[in-house]
Amino acid sequence: MAKYFNVTGLCIPQKHYMVELSECIRQICIMVRRGDYFTINRARQYGKTTTLAALAKALHPQHLVISLDFQALGSASFQNENTFALAFLQLFLREMSRHRADEMPGMEALAAAMRKTVGQKDERYGLLALFEDLLAVCAGSKKPVVLMIDEVDSASNNQVFLDFLAQLRSYYLERDSKGTPIFQSVILAGVYDVKHLKKKLRLREEHMENSPWNIAADFDVDMSLSESGILDMLREYEKDHQTGMDTETIANLLYAYTAGYPYLVSRLCKLIDEKLCGAWTREGFLEAVRILLSEKNTLFESLIGKLESDPQLKQMLWDLLFTGKTITYSIADQAVGMALMFGFVKNVNGDVIPANRIFDTFLYDYFLSAGGAHGCEFYKASIQDKNQFVGNGRLNMRLVLEKFGKHFRELYGNCKTNFVEEEGRRYFLLYLRPIINGAGNYYIEARTRSFGRTDLIVDYGGEQFVVEIKIWRGNEYHSRGEKQLVGYLDDYGQNRGYLLSFNFNKKKQVGIFERRIDGKVLIEAVV
């Protein structure tokens, strides 16, 4: 069977095109061999399950790997200590049965006794008895035992699970102090870091301040896909299909737009391969981006769910996108911590920025879709104007800025300064979206966020437009911004750039202005 790009469940090297994970696995193996207990907490569809499967294979046969998935446990399994202990033991036994008898010599009697406990549904069986059995397995095994638990979020709002973690912590401490035979390593995988679990507990359980997982080692392994890894994957695909693609160009685009987020890389490749009939060109890639951002998928639905359930997170992301406000990373900022954990943002040199271009545009689209009364006016104006802006397949960005400025002055010329500073970027994007919808894409250039400016990159009809959106803060600041824009035009290979300036000076001169700087043409709309 021919290989294909997979975006559902476990990725298997023999069946799917995927990036080589050997360096990531090598680093995790070092942690396991030195006896670390830790959590792999990454955003949804970030390759956690695939990584655990590859890790189990790498550790075998030197280790006895017990790999569990808490999705197999229903809510009834967490009703009390007894139901959890029996359900856990049943999963544990099922995983033990996957190993050959010669890998677990002398453990037949122990396994039989454990099966009897499960079969009889012993109502006296609790965590203490469970750990006696687990200790017996670790003591009787000729190999170090490694316990992996995937999808721990399934259990994270249950007190009995925290009690289970507390027991693990206790025996971990005894491992070195008393020589107690327990797991060589325990790995929990999920979205939530276990130290955040107390935030999900019911109010009556919030008295627990100390994390039962404070013995966990820091997990700093980079699980994002590298550009070189993406390139190797595309070369394998190209060897099989001979499409004539420029693998380096496509790998660069994939990494530039996704920052190596595994699901996004695979989904874009799958769209190009299957939906776009192998259109491995820049235009085909941008069309795949447009399709991805317009479709419903489990990742985006999960992200929306997080936004809707956390007002602080939602407000923080709004501020990041629309106010030009620099958000500094702080370990004490819960909203920032949640945004990092869910994969919305990343920490770059102490500043918080969107994690990748796809999420950037996704978040803008999400907030713009709830534009409110003010935003609707711009959206309706754009719908009425949109046929004017495209001729022979080319977008007239100068006219877009000119018409936007006209509508802005008519509708909101007398708005208060602080209101417009927060809303100006949103209004322009609301005006732009219907114009490029279905034929173009946009994203915000991350490098300019910390300067209080927004550089909008628009791709339309094979052309690229760089539009700087900023607040007027004096001639010196304006001149410096123009010089920086010229530099970005060089980076993007463009000779023409666009500026949208929100100017609140009473004596300002509004309209469209054109000037040349260092051989570049800058077209500015002052509103």
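The stops below cover a strand, a helix residue, a helix pair, some cysteines and a few backbone details.

This is a predicted model, in which local features need pLDDT of at least 70 and side-chain atom pairs count only at pLDDT 80 or more, while totals for chains, interfaces and linings use all residues. Residues are numbered from 1 along each chain as its sequence is written, and side-chain values use heavy atoms, with hydrogens and water left out.

**Strand β4**

Select residues 185–190, which form strand β4. Helices (H or I, at least four residues) and strands (E, at least two) are DSSP runs, numbered from the N terminus. Of the 6 residues in β4, 6 are buried. Buried means under 20% relative accessible area, exposed over 50%, and partly exposed in between, with a 1.4 Å probe and protein chains only.

Two strands pair if DSSP finds at least two bridges between them. Strand β1 (residues 37–41) pairs with β4 in the parallel sense, over 5 bridges. Strand β3 (residues 145–150) also pairs with β4 in the parallel sense, over 4 bridges. Which residue of β4 is the bridge partner of Y37? It is V186, and L147 stands opposite V186 as well.

**D365**

Go to helix α14 (residues 357–368) and pick D365. Is D365 buried or exposed? D365 is buried, because its relative accessible area is 17%. Leaving aside residues up to four places away in sequence, D365 touches R433 and Y442; contact means heavy atoms within 4.5 Å.

**Helices α12 and α13**

Select α12 (residues 311–322) and α13 (residues 334–342), whose axes come within 9 Å and cross at roughly 85 degrees. That makes α12 roughly perpendicular to α13. Axes are lines fitted to C-alpha atoms, for helices over the stretch in contact, and angles run from 0 to 180 degrees between N-to-C directions. Angles under 35 degrees count as roughly parallel, over 145 as roughly antiparallel, 65 to 115 as roughly perpendicular and the rest as oblique.

Show side chains at the contact: Q312, L313 and M316 of α12 meet A335, V336, M338, A339 and F342 of α13. By class, this contact of α12 with α13 has 7 nonpolar residues, 1 polar and no charged ones. Here Ala, Val, Leu, Ile, Met, Phe, Trp, Tyr, Cys and Pro count as nonpolar, Asp, Glu, Lys and Arg as charged, and the others, Gly among them, as polar.

**Cysteines**

How many disulfides does the model have? The count is 0, where a disulfide is a pair of cysteine sulfur atoms within 2.5 Å. Select C11: the nearest cysteine sulfur belongs to C269, 11 Å away. C11 counts as buried at 16% relative accessibility, and C269 counts as buried at 0%.

**Backbone details**

Finish in the loops. In the loop between α2 (48–59) and β2 (64–69), find P61; the peptide bond from H60 to P61 is cis, with omega near 5 degrees. A259, in the loop between α8 (247–258) and α9 (262–275), is not a glycine, yet its phi is positive, near 55 degrees.

At 73% relative accessibility, C277 counts as exposed.
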